[in-house]
Amino acid sequence: MLEASVVLRENVVQVEPRFEAQLNELLGTCRQNLPFADEDMIRRAFNLSYWAHRNDRRASGEWYITHPLAVAMIMAREIRLDDISVGAALLHDVVEDTELSLEIIRAEFGDTMAMLIDGLTKIRGVYSNRQLGQAENVRKLILSMARDIRVILVKFADRLHNMQTINPLPRTKQLRVASETRNLFAPLAHRFGLQKVKNELEDLSLEILEPEAYYEIVQGLKASRQERDNYVKGFIGPLKVRLKEEGFDFDIYGRSKNIHSIFQKMKKQNKPLEEIYDVFAIRIVLQSEGRKGKEDCWRVYSIITDLYRPLPERFRDFISMAKSNGYQSLHTTVLGRDGRRIEVQIRTQEMHEIAERGVAAHWKYKEGIETADAHMDQFLTWVHDLMENPDAEEATEFVQEFTLDLYSDEIYVFTPKGDLKTLPQNATPVDFAFKVHTDVGYQCIGAKVNGKMVPLSYKLKSGDQVQIITSKKKTPNPDWVKFVVTHKAKSRIRHWINEERRTAIRYGRNLWRKKAKRARIVLSDEELARMSARFKYSSPNQMFYEIASGLFDLNELVQMIRSGSEEKIDDGESATEFDDFRETAQQSGQEALLIDGEFIDGMALSYATCCNPIPGDAIFGLISKLGAIRIHRTVCRNAPDLLVNHAERIQRCDWSRQKNVEFMVGLRLVGEDRVGIVHDITTVISRNLKVNIRSITVGTNDGLFEGTIVLYVSDLQHLRRLMKRLRRVESIRGVYRFESDAVGAK
């Protein structure tokens with residue numbers, strides 16, 4: 001085999017004239033679009049790629065060199081970053097597909113080129129094993145591009161050409177590649193601000209995945225093209241006159257939205273193409289720069305609204321508040337002739353380049369960024385900040401410093417369908433759930449990350465694939481506020497907590513009214529306020545909240561009132577659901593508990609329904625206002641408040657070794673639905689382990705099984721044996737203990 005150095009330095013490669021012509025066209029495009037191009041390096045990269053792929057053909061039968069040449073042309077014509085990325089495009093497959101090694105690339109082209117080719121090779125490996133849906137592979141993709149942004153930019157160009165030439169592939173492979181493109185590469189291209197690349201990737205994917213819908217839209221646009229062109233000319237005419245009168249240097253034209261975007265509108269609005277009126281937009285691009293350019297955009301907006309009636313609800317100012325990928329423009333929708341809605345976009349040439357080419361366009365405009373400012377506040381939300389920084393360094397040097405530090409503030413995770421979601425570092429599945437939709441957050445009961453069940457407090461990492469398990473019966477846990485990090489999650493949870501508190505206060509007040517009526521007690525608001533103050537509550541509402549939460553026993557309130565007024569209550573009229581439970585708890589409590597290391601006869605004991613402790617749990621006692629003791633688990637959701645704010649009422653409690661007491665406990669089971677799963681669960685509990693079941697509730701949703709079971713156990717060790725055995729039931733993926741007011745001691 002010839003050494004690569006011989007191939008490059010002694011010019012032994014005999015290039016066919018047609019490929020030599022394509023190389024010269026590529027070099028001409030580089031001279032036109034790149035601020036600097038090392039033509040010798042690009043030619044050497046082409047020669048090595050041509051030689052390495054000399055015996056390779058594509059599925060279409062074409063010589064393989066046509067592919068790296070096309071990818072390099074996309075980099076030079078569309079993305080227009082730098083010459084090294086063009087060279088990397090020419091060499092992106094040589095290590096993966098030929099006998100050339102990475103060390104040869106490093107020796108001939110330097111460390112930077114070797115790093116880019118290494119990153120591109122690793123990305124190639126992600127897809128060769130057909131495991132795009134596996135989060136580990138997606139993570140590899142994210143991490144490989146983190147070392148240098150040019151890695152993913154070349155990969156975009158590679159994927160774009162592969163989609164442009166996908167027809168010779170078998171149908172099954174077409175579907176897989178198109179799905180990968182639509183679900184991952186198109187969203188990523190959008191995050192990088194590569195609008196043209198993103199639009200074409202989406203359209204090419206739609207052509208494969210939804211061919212009938214694609215060609216229906218294409219034919220519909222063709223059929224209406226003449227009418228649409230005439231309408232646009234009539235709309236643009238008066239605008240041109242006014243803009244010229246005001247002295248603007250501008251381009252103005254109509255453009256159809258990409259086919260995928262129109263398809264999405266048709267689906268969302270459930271309308272045919274002919275009823276979708278905003279299939280095209282008018283774009284005005286001003287040849288103004290800097291601050292004057294922004295001011296001119298607003299002046300043009302004023303002219304448009306003088307000529308046409310605007311729809312205020314459809315106005316968007318992406319200049320003052322750029323999108324996360326740096327997109328800047330003014331959008332307004334106005335009424336044209338016959339009341340037809342037309343979207344108008346107003347931007348400067350600089351904004352237009354960034355809108356079309358995203359991050360790549362910024363190197364052209366990035367004048368004067370100091371090395372210390374090279375790391376952006378959030379990954380992939382950097383572009384609009386770059387233009388505001390003063391001093392410049394060369395674009396290529398800036399890219400070389402664009403390293404993994406970008407990930408320190410933001411992570412990227414994926415839905416089961418491959419949709420990309422951006423979250424802050426340390427975000428949890430609950431943050432992700434609220435990012436998807438508020439209702440998903442409210443109804444979240446569990447989460448799978450990379451196919452495995454994880455705690456809701458689990459810290460997500462870039463590349464994780466997250467599936468949220470929901471239940472319409474579920475409500476948020478107030479403890480979520482302690483670990484969520486996004487503003488949306490925190491605010492929604494706090495809103496729910498406040499609403500629940502108001503609901504609980506109303507419920508507690510109603511319980512009091514019923515109790516007072518049965519006890520023939522009448523108190524004015526002033527008397528009720530004085531009574532709540534005697535129990536050291538800040539207000540009656542606080543007392544009602546604790547009544548509803550089970551933290552304060554209504555019998556204590558009645559007892560104090562009776563002791564003060566010496567009123568009598570008819571036998572049998574004062575009993576409530578609180579009393580029934582309290583008596584049951586007292587019967588078992590003396591046998592199971594030690595108070596300060598001793599049995600205490602005659603003391604009123606109860607078990608808190610907010611956490612339902614069982615023997616073996618770490619516990620503490622809360623002395624009530626009248627001296628009774630209520631037992632809580634140390635991990636109870638109310639424990640932090642009780643231990644901190646009511647320390648003087650806390651009592652040390654331990655379990656005795658008595659075995660003649662059974663306690664109810666709640667279990668939540670999550671898994672994959674299948675025939676016979678409920679029978680298998682009840683068989684394990686009732687027959688194999690001889691455990692009594694009080695109640696069982698099951699439900700299914702999208703192939704997922706969710707069940708809640710209330711049953712009796714003697715202690716924590718007994719419960720753990722039961723949970724371990726249930727986890728071995730086929731299709732069960734998680735068994736968790738949960739608290740319910742229906743669970744208590746027996």
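Let's start with a group of charged residues: Glu-246, Lys-292, Asp-296 and Arg-299 are linked in a network of salt bridges. A salt bridge here is a side-chain nitrogen of Lys or Arg within 4 Å of a carboxyl oxygen of Asp or Glu. Side chains of opposite charge can pair when their charged atoms come close. The model is a predicted one, in which local features need pLDDT of at least 70 and side-chain atom pairs count only at pLDDT 80 or more, while totals for chains, interfaces and linings use all residues. Residues are numbered from 1 along each chain as its sequence is written, and side-chain values use heavy atoms, leaving out hydrogens and water.

Now step back to the whole chain. The protein chain has 30 helices and 21 strands; these are DSSP runs numbered from the N terminus, with helices being H or I of at least four residues and strands being E of at least two. Of its 746 residues, 51% count as buried. Buried means under 20% relative accessible area, exposed means over 50%, and partly exposed is in between, with a 1.4 Å probe and protein chains only. The accessible surface of the chain comes to about 35,400 Å², and 46% of that belongs to carbon and sulfur atoms. Such areas come from the Shrake-Rupley method with a 1.4 Å probe, and for residues only the protein chains shown count as cover. Among contacts between residues at least 6 apart in sequence, 68% join residues at least 24 apart, where contact means heavy atoms within 4.5 Å.

Next, look inside. The largest nonpolar core has 70 residues, and Leu-26, Leu-153 and Phe-156 touch the most other members. Helix α10 (residues 149–164) gives the most to this core, with nine residues. Apart from it lies another core, of 39 residues, among them Ala-213, Leu-239, Ile-252 and Ile-259. A nonpolar core is a set of buried Ala, Val, Leu, Ile, Met, Phe, Trp, Tyr and Cys residues joined through side-chain atoms within 4.5 Å.

Ile-259 brings us to helix α15 (residues 259–269), whose buried residues are Ile-259, His-260, Ile-262, Phe-263, Lys-265 and Met-266. What do the buried residues of α15 pack against? They pack against α11 (171–191), α12 (195–209) and α13 (211–223). Just after α15, Asn-270 takes a positive phi of about 55 degrees.

Aromatic rings are another thing to look for, and a search of the whole structure finds nine aromatic pairs. Rings of Phe, Tyr and Trp (its six-membered ring) pair if their centres lie within 6.5 Å; planes under 30 degrees apart count as stacked, over 60 as edge-to-face and the rest as tilted. The rings of Phe-19 and Tyr-50 have their centres 6.0 Å apart and their planes at 65 degrees, so this pair is edge-to-face. Because Phe-19 lies in helix α2 (residues 17–33) and Tyr-50 in helix α3 (residues 39–52), the pair ties together parts that are 31 residues apart in sequence. Both Phe-19 and Tyr-50 are buried, and together with Phe-46 they form one aromatic cluster. For Phe-434 and Tyr-442, the ring centres are 5.7 Å apart and the planes stand at 90 degrees, so that pair is edge-to-face. Phe-434 is buried, with a relative accessible area of 0%, and Tyr-442 is buried at 17%.

In one of them, the side chains of Glu-499 and Arg-502 meet at 2.3 Å, N to O. Both lie in helix α23 (residues 487–518), three residues apart, which is about one turn of the helix. Glu-499 is partly exposed, with a relative accessible area of 33%, and Arg-502 is partly exposed at 41%. Another salt bridge joins Asp-617 and Arg-737, with the closest N and O atoms 2.6 Å apart. Asp-617 lies in the loop between β13 (605–607) and β14 (619–623) and Arg-737 in strand β21 (residues 732–738), so the pair ties together parts that are 120 residues apart in sequence. Are these two residues buried or exposed? Asp-617 is buried, and Arg-737 is buried too.
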